[in-house]
Amino acid sequence: MARKPQPSTAADSRKTGDDVALFRHGVIADVLRLPAGSRERAALIKAKARQDYEIPHSRRRRVGRSTLRRWVRRYRQAGFEGLRPRPRADRGRSRRIAPELGAALQDIKAGNPRLSTRLVIAEAREQGLVPAGENLPRGTVHRLLSNAGLTQPRAEALENFQHFEYERANELWMSDVLHGPKVACDSSDRRRRRKTYLTLMLDDATRVVTYGEFFFNENTESLLSVLRQAILRRGIAARLYVDNGSNYRSRRLDIACASLNIILIRATPYRPQGKGKIERFFRTVRSQMLSRLQPDDLASLEALNTKFRAWVEGEYHRTPHQGLAPRTTPQDRWAQTCQRVRFPDPGLDLLKLFRPRHERRVSKHRLVRFQNRLYEVDAGLAGRTVTLLIDPDAPPERPIELECDGQPQGRARLVDPRANARRRPPPPQPAPPAADSQPPAAARADLPAAGPPLPLRKLQARATDNHPPQEHH
C-alpha cells in the first residue's frame with residue numbers, strides 16, 4: 001500500500017509525532033491498568049485488535065496484537081515519548097536504489113543543479129549507470145536528491161531577492177498591466193462588453209501613480225501612450241523597470257527610452273519577486289476601487305478611467321502608505337523628494353517621439369490603407385514604401401504625416417469618392433510632333449508664315465501667285 005508523504009518541516013514532524021503518540025495512548029490506556037500476564041489483559045488486547053480505527057497519517061484501519069503489546073512495553077519504558085514513531089534507521093537512503101547508483105545520481109545533480117529529475121535519470125541511462133530493465137521512478141529519485149539537499153534553492157539565488165527602495169522621486173518607475181473588468185464597448189448597446197487592461201506607471205520611492213489608464217488592448221500603443229502622459233505630468237524617469245511581455249518587447253519603446261536617456265530594465269523571466277510594490281498596488285486597486293464600481297462606472301471606457309483617476313487623486317495619493325515613513329502619504333513623499341525631477345526640453349516633440357509608425361506601400365493609384373480607410377498621397381510616391389506617423393488623439397479625418405526614406409513627404413488625406421467624382425480631370429496636353437514628321441527644308445520655305453487664319457479668297461489668290469497657270473500647246 002502506498003505511503004503518505006513525510007512531513008517537510010520540523011514543526012510538521014513534531015505535530016505528526018504528537019498525533020500518533022496520542023492515538024496510541026488512547027488505544028492502550030485501559031490495557032496499562034491491568035497486570036501483565038492476566039487473562040483480562042489478553043482478552044482486551046484481542047478485542048482491540050478486531051476493531052477498526054482512524055489512525056492519524058495512515059491508511060490502515062487495524063492494529064495487530066503484537067503491535068499493541070509493543071506499545072505497552074515502550075510506554076512502560078519511556079512514557080509518552082516512547083509512543084512517538086521512531087525515525088527510520090536508513091533515513092536518507094533509498095531502499096529501491098542501490099547505494100552506488102544513488103551516489104552517481106547525486107553526482108550528476110551536483111554537477112548541474114539546473115537539471116530536472118527526469119533529465120538526471122536520462123543522463124544516468126546515457127552513461128550506462130542504470131542496469132538494463134531497471135525502473136527508476138521519478139518520485140523515488142526526487143526524494144533521494146531532496147534528502148541529499150540537492151533540490152533546495154542555492155544561497156546565491158536567495159541573495160538576489162532583497163528589499164530595495166530608491167531615495168528620490170523619478171529614480172525608478174515600475175510598469176505592469178492589471179486585467180480589469182468588462183466594460184460596454186458600444187454606447188447604444190451596453191450588453192456588448194469587452195475586457196479592459198490597466199496599464200500603469202508607479203514611482204518606486206514615493207508610490208505615486210505617475211499615470212495609469214484602462215484600455216481595451218494590452219499592446220505597445222497603450223504602453224507608449226501611458227509613458228508619454230506620465231512624462232508630461234511627472235517628468236522623466238531615470239530608470240524604467242518593466243515586464244517581459246510582448247508589449248514591453250518593442251523597438252519603439254527602446255528608441256523612446258534611449259532618446260530620453262531612460263535606462264530600460266526588464267525583469268528576469270519567471271522571477272516576479274522584483275515587482276512586489278506594483279503587485280501590492282494592484283491588490284489595493286482590486287479591494288478599494290474595483291470592488292466598489294457601480295453599473296454607471298462600467299457604461300464606457302471613459303467612465304471607468306474617470307472613476308480610476310478620481311480614486312487615485314482623491315483617495316490613494318492622500319492616504320498614509322504603510323511602506324513609507326509613518327503617516328506619510330504618496331503626495332507628501334513626492335513633495336519631499338521631487339527637487340531633482342528632470343523634465344523634457346521645451347523643443348522636444350514628445351508626440352512625434354511616441355506616435356505610432358506604420359509602414360505602407362503606395363498603390364499605383366497613389367492610395368494607402370490604414371485601419372480600413374483609404375488615404376491618397378502625392379502622385380510622386382506611387383509604388384514606394386512610406387511611413388505613416390499616427391496621432392492617437394487625432395480624428396480619422398485629420399491628414400496623416402508621411403515620411404519616405406527618413407524625409408517628410410507631406411500628408412496623406414482621407415479619400416472622398418464623391419468629391420473626386422465631381423472633380424474634373426485636367427485637360428490633356430497636346431503631344432509634341434515627332435522629329436521625323438517635319439517637312440523638308442525646301443518644302444518649309446514655301447509654307448506661309450504662322451499667323452491668324454486668312455479668308456478663302458486670299459488663300460486662293462496666294463496659291464495662284466505661287467503657282468502661275470501653264471500654257472497649253
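Reader: How many bridges join strand S1 to strand S4, and do they run parallel or antiparallel?
Author: 2 bridges join S1 (residues 173–184) to S4 (residues 239–242), and the strands run parallel. Two strands pair if DSSP finds at least two bridges between them. Helices (H or I, at least four residues) and strands (E, at least two) are DSSP runs, numbered from the N terminus.

Reader: What should I know about the model and numbering?
Author: This is a predicted model: local features need pLDDT of at least 70, side-chain atom pairs count only at pLDDT 80 or more, and totals for chains, interfaces and linings use all residues. Residues are numbered from 1 along each chain as its sequence is written, and side-chain values use heavy atoms, with hydrogens and water left out.

Reader: Which residue in S4 is the bridge partner of methionine 174?
Author: Tyrosine 241. Tyrosine 241 also stands opposite isoleucine 265 in S5. S5 (residues 263–266) runs parallel to S4, joined by 4 bridges.

Reader: What do S4, H9 and S5 make?
Author: A right-handed β-α-β unit, with H9 at residues 251–259. Right-handed means that, with the strands pointing away from the viewer, the path from the first strand over the helix to the second runs clockwise.

Reader: Switching topic. At what angle do H2 and H3 pack?
Author: About 120 degrees, with the axes 9 Å apart. Axes are lines fitted to C-alpha atoms, for helices over the stretch in contact, and angles run from 0 to 180 degrees between N-to-C directions. H2 spans residues 39–49 and H3 residues 65–78.

Reader: Which residues meet there?
Author: From H2, Arg41, Ile45, Lys46, Lys48 and Ala49; from H3, Arg65, Leu68, Arg69, Val72 and Arg76. Contact means heavy atoms within 4.5 Å.
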